[in-house]
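Please look over the sequence and the model shown here before reading on. The report that follows takes up spaces, helices and aromatic rings in turn.

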Amino acid sequence: MSESVPRDPSRGRGLVAAVVCAGVVLVNVDLFIVNVAVPSIAETWPGADLADLSWVLNGYAVVFAALLVPAGRLADRSGHRTVFLRGTAVFTLASVLCAAAPGVGWLVGARLLQAAGAALLMPSSLGLLLTSYPPERRAAVVRVWTAVGGVAAAVGPVLGGLLAEPGWRWVFLVNVPIGIAAVVVGARVLPAGPPVGERGPLPDLLGSALVTVGIGALALGLVKADEWGWASPRALAAWAVFAVLAAWFVVRTARHPRPVVEPALVRVRAFGVAGVASVLFGLAFAGMLLGITLWAQGVWGWSALRTGLAITPGPLLVPPTAILAGKWAARTGPGLLASVGGALFAGGTLWWAATLEADSAYAASMLPGMMLTGLGVGLMLPTLVAAAVTALPQEHAATGSGVVTMLRQLGSVLGVSLAVVVLGSPMAGDGAADDFDRLWYLLAGASLGASAVSVLLAGRRRGAAPGGPAAYRAGETTTAVAETADRA
């Protein structure tokens, strides 16, 4: 490995960052591309309604969320390089299978495999960056990592619109050359990391399965409730499965030596607060992205390309806002920044509730809302991730980032599901405006909830405060957890 990693530390870090950012771009571009392509996918299979197509998004989010923490643990223990390369390879292969899907069921299945690759890729990508830079630059590295995702998100809507014009399958094929390049170059330049010591037990895979099936059952009950009936046996059975598996997961987490979410993490106040806020904001963000895409293409009748161009101003604001937020956080603390971000995001959706009509103008109605939501995302998301990750010891960085991203993805599942419930199908004409207004109000409430929770971060500045790494270690009260943490 010493022959393949450049000797110049700064150059080596630059190459590592380039490869890691390529992987992050894959995952983040895919999010926006697929959302913009949903109406085009519906045209390929006219028999599929919005509830069926929601699984192209929700199936991905559920598996991604459930596997993130085990993947983070594997990365912390087995080496970030190995897990990153394998995750990128799986994601690339799954993208090919998505493009070749002959039906909705096949597409959803390929998306599940794609989510598994993304789950391996994301926490290991941050772990590679954090172990390549000195500790005093960790918070800045987290913000750069998040900003790269924001740049990818800004490109995603336009790229998705361009690729969906000749056919939605191209939105998946675009991942292939990037993925191949990341694997080939990464195999040569990514550092192997420190030697892995004695291997402890694997992460709680059954616990991950409980999360997957439980959240999937909740989402199924929500998106099918109108079709089945809210009090129908099938809907009630879906929610009962969720309740039973959620309870089982809580009990298992308290007893398992390697749970999906270590109780010690939750006892770190900054980490717990960031996690709750991430769920609420993930709900608001995912619901907004799907909702505004469906409005543009379903109510205004715009093409995928025009829709992508219309959405782009919001994501374009995320990277510069995230970078500036890093400087402001040093003076104000993360709580104020995240709270302001949630309020701005809510302001954007409330603006749409007040102004969006079937005959309204883009510049006066949709654009101001996109700008406000973009500013909100730029302030909220990187602040939550940085506050959570910098509260933990460095050796648990990949696991911590995996937990926070998992919680945000679980919120995303709820956001997409609730959007389907509120909007129904089909959506067109003036009658849809009231349904969309209800959605905008719902998302504003979730974002304001995240803003209110984030106030509890107000006392933390520069990543140093009560509830940081020392508190994490003090919270590891069981011998099994302490021993596995020492070996990580």
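## Terms and basis

In sorting residues by class, Ala, Val, Leu, Ile, Met, Phe, Trp, Tyr, Cys and Pro count as nonpolar, Asp, Glu, Lys and Arg count as charged, and the others, with Gly among them, count as polar. This is a predicted model, in which local features need pLDDT of at least 70 and side-chain atom pairs count only at pLDDT 80 or more, while totals for chains, interfaces and linings use all residues. Residues are numbered from 1 along each chain as its sequence is written, and side-chain values use heavy atoms, with hydrogens and water left out.

## The largest cavity

A cavity is a set of points, on a 1 Å grid over the protein atoms alone, where a 1.4 Å probe fits but cannot get out, whereas a pocket is an open set with protein on both sides within 12 Å along at least five of seven lines; lining residues have an atom within 4 Å of a point. Grid points are joined across faces, edges and corners, and a volume is the space filled by probe spheres set on the points. By this rule there are three cavities of 30 Å³ or more, and the largest cavity holds about 730 Å³ of space. It is lined by 43 residues, of which N28, L31, F285, R408 and Q409 are the closest to its centre.

Helices (H or I, at least four residues) and strands (E, at least two) are DSSP runs, numbered from the N terminus. The elements that give two or more residues to the lining of the largest cavity are α1 (9–44), α2 (50–78), α4 (104–132), α5 (138–164), α12, α14, α16 and α17, and the largest share, eight residues, comes from α1. By class, this lining is made up of 27 nonpolar, 13 polar and three charged residues.

## The second largest pocket

The second largest pocket contains about 470 Å³ of space and has 22 lining residues, with I215, F249, M406, L407 and L410 lying nearest its centre. At least two residues of this lining come from each of α8 (205–223), α10 (233–255), α12 (269–299) and α17 (397–423). The lining of the second largest pocket has 19 nonpolar and three polar residues, but no charged residues.

The expected span of a helix is 1.5 Å times one less than its number of residues. Buried means under 20% relative accessible area, exposed means over 50%, and partly exposed lies in between (1.4 Å probe, protein chains only); in α2, 25 of the 29 residues are buried.

Helix α14 (residues 313–332) has 20 residues and should span 28 Å, in agreement with the 27 Å between its end C-alpha atoms. A kink of about 30° in α14 is centred on G326, and the buried residues of this helix include P313, G314, P315 and V318. After α14 comes G333, which has a positive phi, near 85°.

## Aromatic rings

Rings of Phe, Tyr and Trp (its six-membered ring) pair if their centres lie within 6.5 Å, and planes under 30 degrees apart count as stacked, over 60 as edge-to-face and the rest as tilted. The whole structure has eleven aromatic pairs. One of them joins F281 and F345 edge-to-face, at 5.0 Å centre to centre and with 65° between the planes. This pair links distant parts of the chain, since F281 is in helix α12 and F345 is in helix α15 (residues 334–355), 64 residues apart. Both F281 and F345 are buried.

The rings of W302 and Y362 have their centres 6.0 Å apart and their planes at 50°, so this pair is tilted. W302 lies in the loop between α12 and α13 (304–311) and Y362 in the loop between α15 and α16 (366–389), so the pair ties together parts that are 60 residues apart in sequence. W302 is buried, with a relative accessible area of 13%, whereas Y362, at 23%, counts as partly exposed. W302 and Y362 also belong to one aromatic cluster, together with W295, W300, W352, F436 and W440.

How values were computed: The bend at a residue is the angle between axes fitted to the seven residues ending there and the seven starting there.
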